[in-house]
Structure formats: C-alpha cells, structure tokens
Amino acid sequence: MTVALTWLGHATWLIESNEHRILLDPFLTDNPSAQVAAKDLNPTCILVSHGHFDHTNDLVTIAKRTSAPVYAIFEIAQWLGKQGVESATGMNIGGRVKTAFGSVKLTPAVHSSCLPDGTYGGSPAGFVVEIESKKIYFACDTALFSDMQLIGKAGLDLAVIPIGDLYTMGIEDSIEAVKLIGPKKVAPTHYNTWPPIEQDAEAWAQLVRTNTSAEPITPAVGKSFSL
Ligand code: NI
Ligand code: MN
C-alpha cells in the first residue's frame, strides 16, 4: 500500500494512506501559497509541531469540525482543551503514541513556540510518523542540530526539512541535515511563502544530489507524490 504526500504550501502537509488522512500544521487561511481552503480538508488526524500562527492558523476550526485526534506537545494540547477541542493528546519530546495508522513520535526541534494569543507553547517539536511500514521524519521548524543523526537511525524513507532560512535552517544547513539524517528521499518545506523565505528548490535539489545519497523531491504545491 502506498503512502501519498501532498505539500499544501508553507509547512502544511497531507499524508494519505487507505482511509487515513493526516494533516500536519494546518495553515491555509492567510497563507499566500495555499491552494485549498481549510473547510475543504477532512483529516482523520492532525499533528501540530509548535504554536506559531503559520502552523496553527486553522487548527482549532478544523479540529472542532472533524473531531480528528490531535497530537502535539502537552502545552499545546492543554491550550486546545481551553479552546473547546476535546480530541487532543498531549505528548512530550521523545514520546511515541500508537495511532490508528501506525505511530507518531515527537522529536526535538531547535526553535521557539508560543500560541497566537501569547500562551506559552512548550517546546517546539518535529515528528517521526510511521504509516504502512514507512517512516517519515518531519523536522518542522528547526535549526540544524547534530542529534538529527540519532533520528535518522530509525531508517527513514523520507525526511521533510525546512530550507527557507531566516526562521529555520537555510539551504546550506539543510544539506548538512540530510547528511546527518541519511533518509532515502528528502523534500523541502517552509519556503517560498513570502519573499523573506524565497528559495530556489531546483538549486537545492542539485546540492542534495551532489553532496548526499538521498533522492530530492521538490513537489509543487498541491501535487502529490508516493512512497
Ligand atoms: Ni515557527
Ligand atoms: Mn514557521
């Protein structure tokens, strides 16, 4: 069974397999690169990496409408409860939870996190998602850090890493990240949403090919690829 991935723009991803539709960091409203509206998404699971608006703008509305289970760090799950979302499970870094499709593990990320109303968001996080015997690492918003090597030891079919610079690692550090993680395939995220994080994805892909053993994948927004 294949796993289909779709970049919905910025850092928002949809992972689909069989009846499972996992939505990562829902940011459609006010996202200049988004092509779908929040109301047209019907996830069966929602993952949230940290509290910044460009990862949570549509979180509460989609979670309330669908009642989909939400997995996030403890502080964000608590905040969701206060917003009337009853389906959130609080986790912490290093923890794994079994899910309807496989499992989700919360990984460290070097970043910051507060929710749009100023509430402390706990530690920012990434995810290792296991689905249909595929392992996918979403580094989410982060700097380069050497423990990425440990995350890669899981044997990853795909890593999705930020390349936009300014708020996350940029292209140069992302190549070092690919070397540490050692995934079979790698896709870029968190770029080309606004001018300050514009990047040339094809130039990045060429650097990946030249300097690492991973296969780069640079889908356009809205175009799916399969694992
Ligand atoms: Ni952020
Ligand atoms: Mn961000």
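**A manganese site and its surroundings**

In this predicted model, the manganese ion (ligand 2) is coordinated by D54 (OD), H55 (NE2), D141 (OD) and H190 (NE2), at 2.1 to 2.2 Å. Donors here are N, O and S atoms within 2.8 Å of the metal (3.2 Å for Na, K and Ca); water is not among the atoms, so sites may look incomplete. Along the chain, these donors follow the spacing D-H-x85-D-x48-H. D54 lies in helix α1 (residues 53-56) and H190 in the loop between β12 (185-189) and α6 (201-211), so the pair ties together parts that are 136 residues apart in sequence. Helices (H or I, at least four residues) and strands (E, at least two) are DSSP runs, numbered from the N terminus. The nickel ion (ligand 1) is 3.1 Å from the manganese ion (ligand 2), and D141 coordinates both.

D54 is buried, at 8% relative accessible area, and H190 is buried at 1%. Buried means under 20%, exposed over 50%, and partly exposed in between (1.4 Å probe, protein chains only).

Turning to strand β2 (residues 12-17), S17 is found there and is buried, at 3% relative accessibility. S17 touches M1, T2, V3, I131 and E132, leaving aside residues up to four places away in sequence; contact means heavy atoms within 4.5 Å.

Residues are numbered from 1 along each chain as its sequence is written, while chains are lettered from A and ligands numbered from 1 in the order in which they are written. Local features need pLDDT of at least 70, side-chain atom pairs count only at pLDDT 80 or more, and totals for chains, interfaces and linings use all residues, while side-chain values use heavy atoms, with hydrogens and water left out.
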